[in-house]
Amino acid sequence: MLPPLRGGKLRGEPRDGGKVLFGYPGSWAHCISETIDHKDVALLFRHQSSFKKMELWLIEGECARVRDLVENSGLYNAVLNSVIAYDKVAVSSFCERYHAEVDTFQLPFGEMAITPDDAKQILGLQVERKSTGEKFKRMPSWEDIYTWTKNLFGWDSEKINGLFEKGPKYPKKEFKLVDIRNMFSGTEKNMECRYAAAGYLLYVLASVIFPDSRGNRVSANLLQILDPLEDVSKYSWGTAIIAHLNGQLSQGSRKLTSQINGNLALIMVLD
């Protein structure tokens, strides 16, 4: 690390002295500014790639009924436009310049932000619909989850409990994505096509819309957004994906963080 400056001033400090960007001392931007050899501190962030996950379950391999349900869900455009390879250096550079206090990137020429219109133009997602947070239960009961899985997949409680990720004492309210993919891919029977579409959309939520540090698992909490299946197209998915990405960028911008998630296609297009 470089020796401290006189008067306690920080290298690379924001022009306002940190009055607005008060989180600067704990950021990657500060860590890099205070180091002689940047390669020792500027990490290339790891991430969960929707590109790799969606390649494992191509909608083109499903029957016409499943494709029709998915394509009319309001989420299909995000699948098409998110299946790209990511540049780790570009993602890391933007993440290092992100400040959660104002939800913007602080760049040499000024500020830049990712807006809902970006999600609409880049990913083709709706932005003028109802919020996914409306009536969303952050801590649903087991009864809630049993109801959602019954409606979406036709499962009883015994089957559900057998699919949950095992915890130290109790099952976690999470499914393995590989289990969802293996159970529903290649479905052709008419009634099961509806179940397969719900499974595919759950896979999309975990891989493209709300990817997080769970990696190859998906929270059962997301089921409530899919039930009923006919209402999925009524949500503002553009604002939802931006809010999630901003939250992930906020975490990733903090010093010593080496993981970033979220839909990185939005960052790659900005680059």
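Me: Happy to look at this predicted model with you! Which residues of helix α6 (residues 116–123) are buried?
Reply: Buried here means under 20% relative accessible area. In α6, the residues that count as buried are D118, A119, I122 and L123.

Me: Nice. Why do those residues sit on the same side of α6?
Reply: Take the four buried residues, D118, A119, I122 and L123. They share one side of α6 because, around the axis, they cover an arc of only 100°.

Me: And what follows α6, and with what phi?
Reply: The residue after α6 is G124. Its phi is positive, near 75°.

Me: How about helix α3 (residues 64–71): within what arc do its buried residues fall?
Reply: The buried residues of α3 are V66, L69 and V70. They line one face of the helix, so the view down its axis shows them within an arc of 95°.

Me: Let's turn to the largest nonpolar core. Which helix gives the most to this core?
Reply: The core holds 72 residues, and F175, L202, I209 and W237 touch the most other members. With 14 residues, the helix that gives the most is α10 (residues 190–209).

Me: Which residues does W237 touch, leaving out those up to four places away in sequence?
Reply: W237 is one of the core residues that touch the most other members. Its contacts are S73, G74, L75, L125, Q126, T132, L205, I209, F210, I225 and V232.

Technical notes:
Residues are numbered from 1 along each chain as its sequence is written. This is a predicted model: local features need pLDDT of at least 70, side-chain atom pairs count only at pLDDT 80 or more; totals for chains, interfaces and linings use all residues. Side-chain values use heavy atoms; hydrogens and water are left out. Buried means under 20% relative accessible area, exposed over 50%, partly exposed in between (1.4 Å probe, protein chains only). Helices (H or I, at least four residues) and strands (E, at least two) are DSSP runs, numbered from the N terminus. The arc is that of the directions from the helix axis to the C-beta atoms. A nonpolar core is a set of buried Ala, Val, Leu, Ile, Met, Phe, Trp, Tyr and Cys residues joined through side-chain atoms within 4.5 Å. Contact means heavy atoms within 4.5 Å.
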